[in-house]
Amino acid sequence: MTTSLRGIANKAAEEKRYRFRDLYRMLNLENLRWSFYRLRKDAACGVDQVSFGDYEENLEENLRGLVERLKAKRYRAKLVKRKYIPKPGTDKRRPLGIPALEDKILQAAVANILSAIWGQDFLECSYGYRKGIGPHDGLDELQKALQNGKYHWVVEADIRGFFDNMDHDWLVRMLEERVEDRALIRLIRKWLRAGILEEDGSVVHPATGSPQGGIVSPVLSNIYLHYVLDLWFEKKVARGCRGHCKLVRYADDFVCAFESGREAEEFEISLKERLAGFGLEVAEEKTRTMKFTRRGGKENGKFDFLGFEFRWGLSRKGNAVVKRRTSRKKLQSSLMNFTEWVRKNRHWKVRRLLMSLKKKLAGYGNYYAIAGNSRSVQDFFRLMIKVLFKWLNRRSQRRSYRWEGFNRLLRKFGMACPKVRKAGNCQMELGLKHVVVL
């Protein structure tokens with residue numbers, strides 16, 4: 001499949017208007033096996049209650065049956081299992097969708113095909129869910145642009161319920177710009193229209209959106225915003241601005257910088273109209289235009305992007321620089337998630353608990369331990385240690401540790417504050433995985 005994808009990518013790069021045919025035939029036994037072994041083995045089960053290990057026991061027979069159903073057009077997408085997780089700092093919950101295992105296999109294969117095609121079309125401003133590109137690439141680019149560019153205003157925007165409100169008809173029209181394969185489009189429509197099994201047992205049939213948690217959803221969202229936002233910004237907004245302007249987007253999170261305050265305000269207004277035309281809505285309470293410039297002083301605003309707070313400050317030499325630190329909301333949510341984790345697992349043996357925690361802390365450091373953010377990382381580590389000390393002493397009615405003995409225990413297992421390194425480490429994906437846990 002790697003060779004096939006490389007050929008598709010090369011063709012897509014050479015002919016920007018070429019529409020691909022016969023992609024459905026790539027969903028064969030070999031390619032589905034390749035996709036299966038790239039699934040997470042410990043992922044939650046869908047409505048079919050089939051785990052990775054269960055399916056692997058008769059893998060060849062199961063995959064042959066799946067391929068036969070695809071050829072005979074008898075494949076049916078199963079219900080998507082709904083799971084809600086709390087949003088940090090609020091009473092709201094974020095809806096996730098967990099597909100059945102066979103749906104995951106097919107979605108992984110289709111996501112690779114779509115990524116090979118549109119990976120050649122995505123603009124440089126897009127940093128989300130792309131091979132070889134991570135969130136820190138976008139963060140570094142944004143910091144560099146604000147520091148050295150001619151930008152004085154920033155528009156911080158948020159799309160309300162983006163994954164739940166993507167218009168299916170618009171999405172299919174966008175896919176058909178590069179795909180001339182009715183069978184593949186029909187397969188994607190089946191996933192979009194698949195019923196959602198809620199936690200109370202009811203089934204909802206969505207008219208819009210693609211469930212967060214589906215393997216193909218990130219690629220579809222990238223394609224949707226490529227046409228809705230990226231191309232519009234490049235061909236309409238940027239060309240209509242007299243001053244400099246810049247867009248940095250990671251999935252549905254994006255920030256726009258402008259040289260002119262008037263043009264920034266006009267963009268905020270036109271953005272609402274643009275999104276409304278594609279069934280999307282700006283979250284008014286999270287969207288604002290702010291001054292953000294070297295000589296802005298107290299008038300400068302602050303904004304959050306991908307877990308970091310951007311603000312102007314002074315370097316050690318007294319020069320004005322754009323600084324990054326862990327967002328206060330993310331710091332608080334990480335601490336809350338860690339507290340809940342250690343509370344539930346404090347009955348584990350100390351060795352198992354601390355070794356697991358050491359891995360999570362390394363992941364946290366991979367993402368947040370960047371130059372200029374040492375104080376926030378140290379604050380998190382200090383508070384985390386206090387929480388760990390508290391709950392280890394609640395393992396029984398008797399106090400288990402005093403600080404002297406507790407510190408010896410930490411040294412024994414090599415527990416230390418993550419070291420600050422330069423941004424842009426290649427292990428960002430691992431870091432994101434663990435940040436969710438913390």
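This is a predicted model: local features need pLDDT of at least 70, side-chain atom pairs count only at pLDDT 80 or more; totals for chains, interfaces and linings use all residues.
Local features were kept only at pLDDT of at least 70 and side-chain atom pairs only at pLDDT 80 or more, while totals for chains, interfaces and linings use all residues. Numbering starts from 1 along each chain as its sequence is written, and side-chain values use heavy atoms, with hydrogens and water left out.

**View A. Helix 4 packs against helix 5.** Helices here are DSSP runs of H or I with at least four residues, strands are E runs of at least two, and both are numbered from the N terminus. Helix 4 (residues 59-71) and helix 5 (residues 101-118) meet at about 70 degrees, with 12 Å between their axes. That makes the pair roughly perpendicular (65 to 115 degrees; under 35 is roughly parallel, over 145 roughly antiparallel, the rest oblique). Axes are lines fitted to C-alpha atoms, for helices over the stretch in contact, and angles run from 0 to 180 degrees between N-to-C directions. On the helix 4 side, look for N62, L63, L66, R69 and L70; helix 5 brings E102, I105 and L106 (contact means heavy atoms within 4.5 Å). By type, the contact residues split into five nonpolar, one polar and two charged (nonpolar: Ala, Val, Leu, Ile, Met, Phe, Trp, Tyr, Cys and Pro; charged: Asp, Glu, Lys and Arg; polar: the others, Gly among them).

**View B. Three strands form an open sheet in the order 9-10-11.** The pairing is antiparallel (strands pair if DSSP finds at least two bridges between them). Strand 9 (303-305) and strand 11 are the edges, each pairing on one side only. From one strand to the next, the twist averages 40 degrees. Helix 6 (residues 135-148) lies across strand 9, strand 10 and strand 11, at about 155 degrees to strand 11.

**View C. Strand 10 and strand 11 make a hairpin.** Seven antiparallel bridges join strand 10 (residues 308-314) to strand 11. W312 sits opposite V322, and G313 has V321 as its bridge partner. Five residues lie between the strands, and G318 has a positive phi near 90 degrees. Strand 11 (residues 320-326) is mostly covered, with five of its seven residues buried (buried is under 20% relative accessible area, exposed over 50%, partly exposed in between; 1.4 Å probe, protein chains only).

**View D. D22 and Q49 have positive phi.** Most residues other than glycine have a negative phi. D22, with phi near 55 degrees, is in the loop between helix 1 (2-14) and helix 2 (29-36). D22 counts as partly exposed because its relative accessibility is 47%. Q49, with phi near 60 degrees, is in the loop between helix 2 and helix 3 (52-57). Q49 is exposed, at 51%.
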